[in-house]
Amino acid sequence: MIHAYQLGGYNIVLDVCSGAVHVVDDVSYGIITHFEHLSREELIEGLFKAHPDDPAYSEAELNACYDEVLALKEAGQLFSPDTFEPMAGTLKSRTSGVVKALCLHVAHTCNLNCAYCFASQGKYHGERAVMSFAVGRQALDFLVAHSGTRKNLEVDFFGGEPLMNFDVVKQLVAYARTLEPKYGKHFRFTLTTNGVLIDDDVIDFCNREMSNVVLSLDGRKEIHDRYRVDYAGNGSWEKIVPKFQKLVKARGGKNYYMRGTFTHANPDFLKDIETMLDLGFTELSMEPVVCEESSPDRLTDEDLPIVCEQYEKLAELMIRRRREGRPFTFYHYMIDLSGGPCIYKRISGCGSGTEYMAVTPWGDLYPCHQFVGEERFKLGDIWTGVVNDAVQSEFAACNVYAHEECRDCWARLYCSGGCAANAYHATGSVTGVYRYGCELFKKRMECAIMAAVDEQMAAEDPTNA
Amino acid sequence: MTHIKTINTRNLCESAKNGGCGECQTSCQSACKTSCGIANQKCEKESK
């Protein structure tokens, strides 16, 4: 299977199953896009007749080009078949029972009252609560005990607003550090925060202990303050932006992301990305809102072409700034074509419910943070482990081939079948697909690959840049 | 090749032979938390 598209002045052809990416001229683009439907003679005759006066389409050139395409096919770099399905369960069965990441819900409460919050203002449709040190410690013990031979363990301090339980976060990090030499593990911590409670102590701690911090900012002040308000209705932009700037400045190059959400109110989210850049931030993420179908914030069918155009313009901006020596990172456009994930990872799904779980303030285990509060999906708890084998089996079987709609999708080895929570909320099944999300994902991948192609072409021929 | 420029990519079919160590990051565990993409992840296998 191939995917051919034109973007940024390039004709790009992806060979889906080998992962090969080709930049082709117009002649070969014409040949490749009709290769599987027409014979050699029909194809060459058709193109020759369509371009009678163009020497690029002479019979000799067309034949030479056809031979190039044929050679790539024989080398397994074009039209390669999908032979991976029998391996789909391999990674999960090889690592069965191994947990490598936990999302610790240290605070089911929040000091902001954002109307679009998928976690219902941090409460996850339940009571307000914070995690005790004893529960958090048991969660870390559970993770170490179930991590097998895996060295790197990931723990995300999540909420609600995790800084509302900052003392416990600090105690848990200190405890985890004592486990590292004892068990030969290395913890990578992430903290996701709205910024309200950031002070010098938080900055110092995060920059010392957190591998990554995720800072919630929606971009333009009027966009951010439309949703991200306190309980009195006051916007938080003025309060948090200087704190984020101070934290990032002190971070000394360690990972961080400014993470925004865009909604029906700002499908033109590129302006928000530009605001983040103007504020001095360069590691950026901007996500489409996840919310109920009835919500006025939800992105509509009319928004879709606007959002797709914004993604294209974002890629153009990224290329332009890279050429000007002012690069920035957009989370969804990070793609390592030469060293990315292996095929096992690409087909095995996101890992929720098996290698990744969320822990509530009272120690219950859920397949991921987006299922917390959905009682049917409760897997067990951190003392007795997973007891709901039926639900865990659903997630264990949730690989790219479990989604019927993914079988003929060119992007399936870039998304691994998509987000189980989005699929469940859109279709009632974790093996369904959230079609709107798929459309956005495919556009992002086209842009990401085009930007990567441009970078590689510029590196090889700087006069092109 | 005069008409086609092939970009340097990881051969996925080859990765079937030596991949699958499972050391890579969990897909959702960094910036997004609301979608799934694995293309932007690093391979963390120590000896490839």
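In chain A, strands β7(A) and β8(A) run parallel and are joined by 5 bridges; strands here are DSSP runs (E, at least two residues), helices are runs of H or I with at least four, both numbered from the N terminus, and two strands pair if DSSP finds at least two bridges between them. Before we go on, please keep in mind that this is a predicted model, in which local features need pLDDT of at least 70 and side-chain atom pairs count only at pLDDT 80 or more, while totals for chains, interfaces and linings use all residues. Residues are numbered from 1 along each chain as its sequence is written, chains are lettered from A and ligands numbered from 1 in the order in which they are written, and side-chain values use heavy atoms, with hydrogens and water left out.

Back to the strand pair: Phe189(A) has Met210(A) as its bridge partner in β8(A). Of the 7 residues of β8(A), 6 are buried, where buried means under 20% relative accessible area, exposed over 50%, and partly exposed in between (1.4 Å probe, protein chains only).

Helix α7 of chain A spans residues 200–209, and its buried residues are Val202(A), Ile203(A), Phe205(A), Cys206(A), Asn207(A) and Glu209(A). Their cover includes α6, β7, β8 and α9 of chain A.

Now for the charged pairs. Side chains of opposite charge can pair when their charged atoms come close. Over all chains, the structure holds 29 salt bridges, each a side-chain nitrogen of Lys or Arg within 4 Å of a carboxyl oxygen of Asp or Glu. One of them joins Arg220(A) to Asp272(A), with the closest N and O atoms 2.9 Å apart. This pair links distant parts of the chain, 52 residues apart: Arg220(A) sits in the loop between β8 and α8 of chain A, and Asp272(A) in helix α10. Both Arg220(A) and Asp272(A) are buried.

Another salt bridge, between Glu439(A) and Lys442(A), has its closest N and O atoms 3.5 Å apart. These two residues are separated by about one helical turn because they lie 3 residues apart in helix α16 of chain A. Glu439(A) counts as partly exposed because its relative accessibility is 37%, and Lys442(A) does so at 22%.

Let us turn to where the two chains meet. The contact (heavy atoms within 4.5 Å) takes 81 residues from chain A and 41 residues from chain B. About 5200 Å² is buried between the chains, with carbon and sulfur atoms giving 54%; buried area is the accessible area (1.4 Å probe) that two parts lose on being put together, summed over both. In chain A, Glu68(A), Tyr331(A) and Lys345(A) lose the most area to chain B, together 12% of what that side buries.

The count of salt bridges between chain A and chain B is 2. Glu44(B) and Arg188(A) meet through their side chains in a salt bridge, at 2.8 Å from N to O. Helix α16 of chain A (residues 435–460) gives the largest share of the side that touches chain B, 7 residues.
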